[in-house]
Amino acid sequence: MPITYTVGTLLILTALGYLLGRRKAVTVAGGNIASLHSVPSYYGSFSALWVLLPTISLVLLWLALKGPVINWAVVDGMAPEAVLGWANASIPPGELEAVRARVAEGAGALTDIQRQLLLINITNLAAGQAQYVNPAVVDILRPAAAHMQDLRSLTDWALFGICVSLAAAALFITRGKIGPAFRARNNVERIVTFLLIICSLIAILTTVGIVLSLVFESLRFFTKVPVTEFLFGLQWSPQTAIRADQVGSSGAFGAVPLFAGTLLIATIAMCVAAPVGLLSAIYLSEYASGAVRNVIKPVLEILAGIPTVVFGFFAILTVAPFIRDMGAAIGLDVSSQSALAAGVVMGIMIVPFVSSLSDDVINAVPQSLRDGSYGLGATRSETVKQVILPAALPGIVGAMLLAVSRAIGETMIVVMAAGLQANLTANPLASVTTVTVQIKSILVGDQVFDSAKTLSVFALGLVLFAVTLVLNVVALRIVQRYREKYD
Amino acid sequence: MDTQTMTKPAAENGTKSAKMSARGVKVFYGEKRALHGIDVDIYENEVLALIGPSGCGKSTFLRTLNRMNDTIDICRVEGLITLDGADIYDPKLDVVQLRARVGMVFQKPNPFPKSIYENIIYGPKLHGLATKKDEFDAIVEQSLKRAGLWNEVKDRLMEPGTGLSGGQQQRLCIARAVAVSPEVILMDEPCSALDPIATAHIEELIDELRENFTIVIVTHNMQQAARVSQRTAFFHLGDLVEVGNTEEIFTNPRDERTQGYITGRYG
Amino acid sequence: MTEITAPLSDRSVSFHTSDAAEKRLRARYAAEKRFKAYGVIAIAFAVSMLAILLFTLFRTGISAFWQTEMQLEVTFDAAVVDPKGTGNPADWDRGAFQGLANEALYKAFPEVTGRTDRRELRGLLSPVAGAFLVNYALENPAVVGQTVKVWLPTSDGINQIAKGNIDRTLPESNRPVNDTQLGYLDRMESQGAIRTAFNSTFFSASDSNYPELAGILGATVGTLLTMVVTILLSLPISVAAAVYLEEFAPKNRLTELIEVNINNLAAVPSIVFGLLGLAMFLNFFGMPRSSPLVGGMVLALLVLPTIIIASRAALKAVPPSIREAALGMGASKLQTVMHHVLPLAMPGIMTGTIIAMAHALGETAPLLMIGMNAFVTAPPTGFLDSSSALPVQVYIWADKPERGFVELTSAAILVLLTFLVAMNATAIYFRKKFERRW
């Protein structure tokens, strides 16, 4: 019984609930609809909502929990002999001793990684993909795979049964409640309002989800690597060896070079974006005629709408070679993945962002201040430099902070145009790496979820999230206070 | 427009020389005509009040006198306005210099979000009236004294101008205009946002300023016009209906529209 | 004090018309001009960067829509094609078709015989020409046992040289095609056996390691499926949240918290949403990696704040008089919102949604985090299949060393930008068409 059938059945029952509820209401009204508290369709909706909401929540809950629960049941239900048999064929001899010693506990003898490996094997077998499994363990794992299949079909059927009974109960109870005095509309509206609240809570849930997933995985990382080493270490080389006897097996997780690289590229980006964006905004709001504004603003919006992956390609296709050739022409050795190229392109990407934010801020400066300045015989540029910009300063600072946060969190441009080597340098012509580049390069391709290397990604993500969050909160607060001043 | 032949438009009453004069001034906002041809002279060291019902064009006319209308894209001015006989709409004439000579005080007090001191020296600094610290100090003191604000703010010159009360802010704006040492000061309903006591202060101040400056004031308030001005011009629906000695206008108006307005039949 | 009072009181010579003032004025105007020039330069810089970007993409991308082909006389030897002799296309030896293509090439150049010479000759033909030959034979099964003239794709190097993407006057060591091969190419060209045809593969194929076999179909389908999930999740949730916050929510700490939250979520780096998807959806809930379902869920969370903010603005723009009118008729608060306010706010909500979807369409980093950089050679058929997406495809191709992928990358970007322009144009149309009715 696949989930889709369960959901289909529930939808049919919901429609049925609507029809039955409505008909019951019409019947009890006895031809005098006006005697009902609400319009008959509200009685239908009342029944339908009570059929649908509890059951569909149950289905969603089960969909979310099904995987972990079944996996746990299957692995823990394995006989010790089967675990040992699998371990003999799949685990390096060095680790086998530990498993043997504790084999009486069954799967409890395995480490997390071993457990994951075992699960992958069982899941593949259960899915009928025996070709992906080591032939030596196929027969040992057959019972577990069968167990998994049984559990899956059993739980799916159980879910179907529970849902249908719940729906039937809801149908029966709501039918009993429907009478002329029953306030169906108020009840329905209460449920709908409740649903609206749930939807607006999703924003909070998302934040909580981000914080939880980052914090938990980061904590696991910090049990392997001390926080101080991560935050203040000067050496970043996350390559941990697969076998313990390999050279450089431990890896180094000092993230300072990444922070420095991120800051270097963000600084270069702001050196491009801040003056260009601010000056364009000033020109557009103080000098340009309406016709010019109507052309330039959409052009800047197009620039803002271009995906960052396109800017990344632009960087490697055009800007990086150009900068390298320019450097070569004046005798400088420029890396083909120079921070300069990535920073400049990122700056171009942020220009419309800075310009539109600054434009808003500058337009919020009251016209009376401009009049006051012009009335004293100031030129436009004097008015801009000595009255408008000082008045708009807090707003502009806020806008710049938002732009910095944007630059720090930007991924694709640096992934494509910046390097992987964690160099601690302030030379814009050298290759540096950034937090986002490391997150991407470590995660894409590597799937064992226990090594310090993969976990380090979440610590980096946490730093990234925290820094951008602080920047945003501060910036938004500054901008908001600035707005209030001139409202 | 031939400015050479019209350098000195004939004064209305021939006794005083005209500091500024307007001949056939028409103002358009896009297609709409806001002023239909205004002729008026403004004499040195006198206060000219512009009165009339709202929307009559008096503020528009005031803004043509130092070309503040330039900041509005769709606004177009026809006719001749002269300052000391020179056409102020002559393309060769410099608008920045013009505004330094013809200063302006606005309806709503609009001090810059800077200190009182910086508000005052903003203009003098722009126009190079002074270069040394003590020169600036002197300008600040003198301007604030002239605006009758010195005693109230002399101990807090470095505090923001926006922290003052409404009346004080408006006097600060007047001080700011005076500091540039203009020849003419235009005031656009300078008291409309102020309470009666602050208004009385400003009116007194206007009377004192007349000694050194030529003043044109737009006002809604006829008593105010009567109190502060020597001559009054009555505007109605974009026309200048009547201009003359204030006393005459208020006691013996020639036009019935003027009479209707000052007796309160409309406005 | 005296030297100060002089300009203030002396009316005969105005300070402002003195020679010194004139001189000063000229300097001030020079500064004015300079400042204005900075603004013009800034705008010119931004606009020219956009122009250069688009121009580069067009110049490098437009040639990808064409493919250089060579005409060869291929003998579909029945014994090679169908070794089992069943006549059923399913039993064909598909691996043998490349050999047929090579034989046809040798036949066109009978004088080339040596092993190394022939290898050089084979450099003209695409190493996956056999795949095209298989398709050709499947469409025309009657050719088995016959000799037919067939147009086959050239190798990447020849393709780039023929289209002028690689300069043939470069020194030999700097180009993928050597002088001998250039000679072969010129000879075929003079015989009329080289042509440039529309590259339909680009639209009908999915990813491949060979540029001549690679297309965007798989990525486009993946993107469409992802977008479907995104809009189905984000639109109802965002509108519901916006309606609650704008119309129902009491002003208390909780709603304030929600609002601050939404504003901050809008500025969280997209890669962090990718990490959320990885840790929550993939690792904790065990959802399928690389699937449009998970991709769509992550992007839905990403665009949620944008749509909520746009929807709230649209709701706020509905004048209170309309609410009062409905409430005055005895409608409940919910009825007022559902029947009157929401329909009036809908155009604004749709505009915001389309713009948010355009933003989601170009997102790459979060999709990389949840493995949507899968190497997918066939379009996904469902929401749970492994899949790629257009921007991710751009990223994957941009990383490949073959020269042919440069033009493919640009072409894929052109397609992506076309989608974006279409969406934004729709948004502008909506905005114009449904502008304020009150």
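Helices here are DSSP runs of at least four residues, numbered from the N terminus. Keep that in mind as you click around this predicted model.

**Stop 1: a threonine in chain C**

Select T226(C). You'll find T226(C) in helix α10 of chain C, which covers residues 217-248. Is T226(C) buried or exposed? Its relative accessibility is 1%, and buried means under 20%, so T226(C) counts as buried.

Now show what surrounds T226(C). Skipping neighbours within four places in sequence, T226(C) is in contact with P292(C), G295(C), G296(C), L299(C) and M372(C). For a sense of scale, pick A241(C) as well: A241(C) sits 15 residues away along the chain, and the two C-alpha atoms are 22 Å apart.

**Stop 2: zoom out to the domains of chain C**

Colour chain C by domain: domain 1 is 2-61, domain 2 is 64-210 and domain 3 is 217-433.

**Stop 3: where chain C touches chain B**

Bring up chain B next. The contact takes 15 residues from chain C and 22 residues from chain B. About 1,800 Å² is buried between these two chains, with carbon and sulfur atoms giving 55% of that area. On the chain C side, α1 (2-9) and α2 (19-61) each supply at least two residues. The largest share, five residues, comes from α2(C). By class, the chain C side splits into seven nonpolar, four polar and four charged residues.

**Stop 4: over to chain A**

Chain A has two domains to colour, domain 1 (3-182) and domain 2 (252-486). Their centres, taken over C-alpha atoms, are separated by 47 Å.

Then show chain A together with chain C. Here 78 residues of chain A meet 72 residues of chain C. Together the two chains bury about 6,500 Å², 80% of it on carbon and sulfur atoms. Highlight L196(A), Y283(A) and F313(A), the residues of chain A that lose the most area to chain C; together they make up 9% of what that side buries.

Which side chains form the salt bridge between chain A and chain C? Zoom in on E382(A) and R28(C), which meet at 2.7 Å, N to O. The interface also has eleven residue pairs in polar contact. Finish on helix α7 of chain A (residues 184-224), which gives the most to this side, with 18 residues. Sorted by class, the chain A side has 52 nonpolar, 20 polar and six charged residues.

Methods. Residues are numbered from 1 along each chain as its sequence is written. Chains are lettered from A and ligands numbered from 1 in the order in which they are written. This is a predicted model: local features need pLDDT of at least 70, side-chain atom pairs count only at pLDDT 80 or more; totals for chains, interfaces and linings use all residues. Side-chain values use heavy atoms; hydrogens and water are left out. Domain bounds come from an automatic or database domain assignment. Contact means heavy atoms within 4.5 Å. Buried area is the accessible area (1.4 Å probe) that two parts lose on being put together, summed over both. Ala, Val, Leu, Ile, Met, Phe, Trp, Tyr, Cys and Pro count as nonpolar, Asp, Glu, Lys and Arg as charged, and the others, Gly among them, as polar. Buried means under 20% relative accessible area, exposed over 50%, partly exposed in between (1.4 Å probe, protein chains only). A salt bridge is a side-chain nitrogen of Lys or Arg within 4 Å of a carboxyl oxygen of Asp or Glu. A polar contact is a pair of N or O atoms within 3.5 Å; within protein, one must be able to donate a hydrogen and the other to accept it, and residues adjacent in sequence count only if both atoms are side-chain atoms.
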